Amino acid sequence: MIDAIETVRVGLIVVFVLLGLFFSFVSMVGVLRLPDVYSRAHTASQADTLGAGFGLAAVALTVGWEGAGFKSVLLLFFIFVTNPTAAHGIARAAFEEGIVPWTEGDERR
Amino acid sequence: MTLVDATIVAGYTVADVLLYAAAGFAVLAIGMLYRAVKGPTMQDRVLAVNVLGTNTVVILGLLAAALGEPTFLDVALVYALLNFLMAIAISKFTVERGGVL
């Protein structure tokens, strides 16, 4: 049997894993269904960053601070910094290459 | 008894939950592979591979926690670095004079 603080920890792990799965699912639906590269970059930078953040927070709670938790928090911070930066770079490259943004009434791409 | 072996409900341990979540993330990554194959422009493909790499990092972290192998986290760190470098490098090389960031 596990004591009270460990029960809270396990509950938080389960909640974080489920939230991470939910936001990654939202990101997948967005990447598959949105009409052009700019809107896809938007969902890839926001929803997927939050999903990965929740998943890595669950990992950090599981491994604990005395173990490899520091590496896991470092990974979380790194993902939070670099994922929107990469999406921004890709969207800007698409704009400089001359891809016209989708507006209402256009054909889906 | 460590935390990973703690039973949550109906015989499922924390490690089971983490492994099932890793399987779910893998399924989502396979779904995103459709955009990487189909995507009309090249930036669509780069974006899909970038998101897929982020999912791979999360899968590696979940496996490290579930199987009790802390070295997987080092692999995940290196993978996240290479993923970021790949996205930035490709988006710089496809634009003339490379003034993206």
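1. B:Asp5 is exposed, because 12 other C-beta atoms lie within 10 Å of its own. The scale is this: buried means 20 or more other C-beta atoms within 10 Å, exposed means 12 or fewer, and partly exposed is in between, with C-beta atoms placed from the backbone. B:Asp5 sits in the segment before strand E1 (7–9) of chain B. Setting aside neighbours within four places in sequence, B:Asp5 is in contact with B:Thr13 and B:Ala15. Contact here means C-beta atoms, placed from the backbone, within 7 Å. B:Asp5 and B:Asp16 are 11 residues apart along the chain, and their C-alpha atoms are separated by 8.8 Å.

2. A word on the model and its labels. This is a predicted model, in which local features need pLDDT of at least 70, side-chain atom pairs count only at pLDDT 80 or more, and totals for chains, interfaces and linings use all residues. Residues are numbered from 1 along each chain as its sequence is written, while chains are lettered from A and ligands numbered from 1 in the order in which they are written. Helices (H or I, at least four residues) and strands (E, at least two) are DSSP runs, numbered from the N terminus.

3. Helix H1 of chain B covers residues 14–38, which is 25 residues. From first C-alpha to last, H1(B) reaches 37 Å, close to the 36 Å expected at 1.5 Å a residue. The expected span is 1.5 Å times one less than the number of residues. Which residues of H1(B) are buried? They are B:Val14, B:Val17, B:Leu18, B:Ala21, B:Ala22, B:Phe25, B:Leu28, B:Ala29, B:Met32 and B:Arg35.

4. Within chain B, H2(B) packs on helix H3 (residues 71–93). Their axes are 9 Å apart, at an angle of about 175 degrees. H2(B) is therefore roughly antiparallel to H3(B). Axes are lines fitted to C-alpha atoms, for helices over the stretch in contact, and angles run from 0 to 180 degrees between N-to-C directions. Under 35 degrees counts as roughly parallel, over 145 as roughly antiparallel, 65 to 115 as roughly perpendicular, and the rest as oblique. Among the contact residues are B:Gly53, B:Leu60 and B:Ala64 of H2(B), with B:Phe72, B:Tyr79 and B:Ile90 of H3(B). The contact of H2(B) with H3(B) has 13 nonpolar, 7 polar and no charged residues. For these classes, Ala, Val, Leu, Ile, Met, Phe, Trp, Tyr, Cys and Pro are nonpolar, Asp, Glu, Lys and Arg are charged, and the others, Gly among them, are polar.

5. Now the two chains together. 46 residues of chain A are in contact with 45 residues of chain B. On the chain A side, H1, helix H2 (37–63) and helix H3 (69–96) each supply at least two residues. H3(A) gives the largest share, 15 residues. By class, that side of chain A has 27 nonpolar, 10 polar and 9 charged residues.

6. H3(A) meets H2(B) with axes that come within 10 Å and cross at roughly 175 degrees. So H3(A) is roughly antiparallel to H2(B). Residues that meet include A:Leu75, A:Ile79, A:Asn83 and A:Ile90 in H3(A), and B:Val46, B:Leu47, B:Asn50 and B:Val57 in H2(B). This contact has 10 nonpolar, 6 polar and no charged residues.

7. H1(A), residues 4–33, also lies against H2(B), residues 42–67: the axes come within 12 Å and cross at roughly 165 degrees. That makes H1(A) roughly antiparallel to H2(B). The H1(A) residues A:Gly20, A:Ser24, A:Ser27 and A:Val31 meet B:Ala48, B:Val51, B:Asn55 and B:Val58 of H2(B). They divide into 4 nonpolar, 4 polar and no charged.

8. Back to H3(A) itself. Its 28 residues should span 40 Å at 1.5 Å a residue, and its end C-alpha atoms are 41 Å apart, which agrees. A:Gly98 follows H3(A) and has a positive phi, near 95 degrees.

9. Is A:Ser72 buried or exposed? A:Ser72 counts as buried, because 27 C-beta neighbours lie inside 10 Å. Beyond four places in sequence, A:Ser72 touches A:Leu56, A:Val59, A:Ala60, A:Val63, B:Gly61 and B:Leu73. A:Thr85, also in helix H3 of chain A, is partly exposed, with 14 other C-beta atoms within 10 Å. A:Thr85 and A:Ser45 are 40 residues apart in sequence and 8.1 Å apart in space, C-alpha to C-alpha.

Methods:
Two residues are in contact if their C-beta atoms, placed from the backbone, lie within 7 Å.
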